[in-house]
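Please consult the sequence and coordinates alongside the text.

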Amino acid sequence: MKPVCNSVSVCVPATSANLGSGFDVAGIALDYADSLVFTQDDSQDDSQDDSQDDSQDDSQDVRVIIHGEGEDSLPKDETHLVVRAFRKACEAFGLPRLRFTLEAHNRIPQARGMGSSASAIVSGVAAAWAFAHNGDLNKQAIFELASSIEGHPDNVAPAVFGGLTTSWKNGDEFHTVRYGVSKQIRATIFVPNFTLSTQMARQALPEKVPYADAVFNVSRACLLPIAFGDFGDFSAFANYCNSADSADSANSADSCDSCAKTTLSRNDLLFTATQDAIHQTYRASLMQPTWDLVKALRDKGFAAAISGAGSCAAVFYEEKSQATEEANNATNISEKIEKIAKPLLSGCDWKILHVKIDSHGVTASRA
């Protein structure tokens, strides 16, 4: 099969997995992306076929140019993760071995818990799909192959589909469900200057957790789609939920006296949904500055969590439109978060990112 185009541009978002309670299953896409361009080498012999000598030197088959994150540390040859994923995907989609230049503009921090490896794999697989087929990306096919390469789908799913996802593996098959996220949800990401390998973070976890802790996390993880969900007027939704527990009651959300006392705000529910008892405390000593930051923010009622395996901290909140005079005079939530965090940021060089939630996932264009 010959490629259908000469060049493919891919944009893939960063992700935050676990979200506190959803260990190894939940992930969300962040509006903070890497952009990559894959361009076939014009000098490639179009007459080559799949029977070419496997012993040939592969060193000239790819040229890698990196700007931004990882430009001084990532490999610039066939061992680059994007290139490896691209090669596997080309084979899966029926393409020959291509000579190409990869130019990557990286924004996603490496080994910080923002899904850099998943994003790299997704970009390679998506590019191969776009070279092999016309039309829109087949995101289901990209998700399945990228998950098999990565080995777990919690970061891959939001990178592919955008929004909030819950993912799982059944035998050899990977599956995911995507949920829409309110446009008012924001994230503040604290990126420290130290890395943490996923392998080290895994090794810190116990083989078993107490039954009560497991139940605790299940109850909180079930709230994630509601806490992040796109329900329009969330206050009306919350009122409805609180009044609907009495099926035979004639009281509406407006007339139920208990609703005013029990209704949770979006930020209250985000805080509860991101509680965790089964993984973060076990890893805390590996990233103590991050964990201290998470605890300080949660002590003030903010939905803070370790992002992925770490070392980033993520804080999720609803930033309502400032339509009233009272809101205009109020301190911005992101400013409050930075104020709480400031005393804890002197120990290392932190980068602070204020981002929206990505709703599109991976995109690609051909030239």
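The points below are grouped by topic.

The model is predicted: local features need pLDDT of at least 70, side-chain atom pairs count only at pLDDT 80 or more, and totals for chains, interfaces and linings use all residues. Residues are numbered from 1 along each chain as its sequence is written, and side-chain values use heavy atoms, with hydrogens and water left out.

**Salt bridges**
- The whole structure holds seven salt bridges (a side-chain nitrogen of Lys or Arg within 4 Å of a carboxyl oxygen of Asp or Glu).
- Asp61 pairs with Arg97 in a salt bridge, with the closest N and O atoms 2.6 Å apart; these partners lie 36 residues apart in the chain.
- Asp61 is buried at 2% relative accessible area, whereas Arg97 is partly exposed at 28% (buried means under 20%, exposed over 50%, partly exposed in between, with a 1.4 Å probe and protein chains only).
- Arg87 and Glu78 form a salt bridge at 2.8 Å between the closest N and O atoms, and both residues are buried.
- Through shared partners, salt bridges join Asp61, Glu78, Arg87, Arg97 and Arg99 into one network.

**Strand pairing**
- Strands S5 (residues 164-170) and S6 (residues 173-179) pair in the antiparallel sense over seven bridges (strands are DSSP E runs of at least two residues, numbered from the N terminus; pairing needs at least two DSSP bridges).

Note on methods:
Helices (H or I, at least four residues) and strands (E, at least two) are DSSP runs, numbered from the N terminus.
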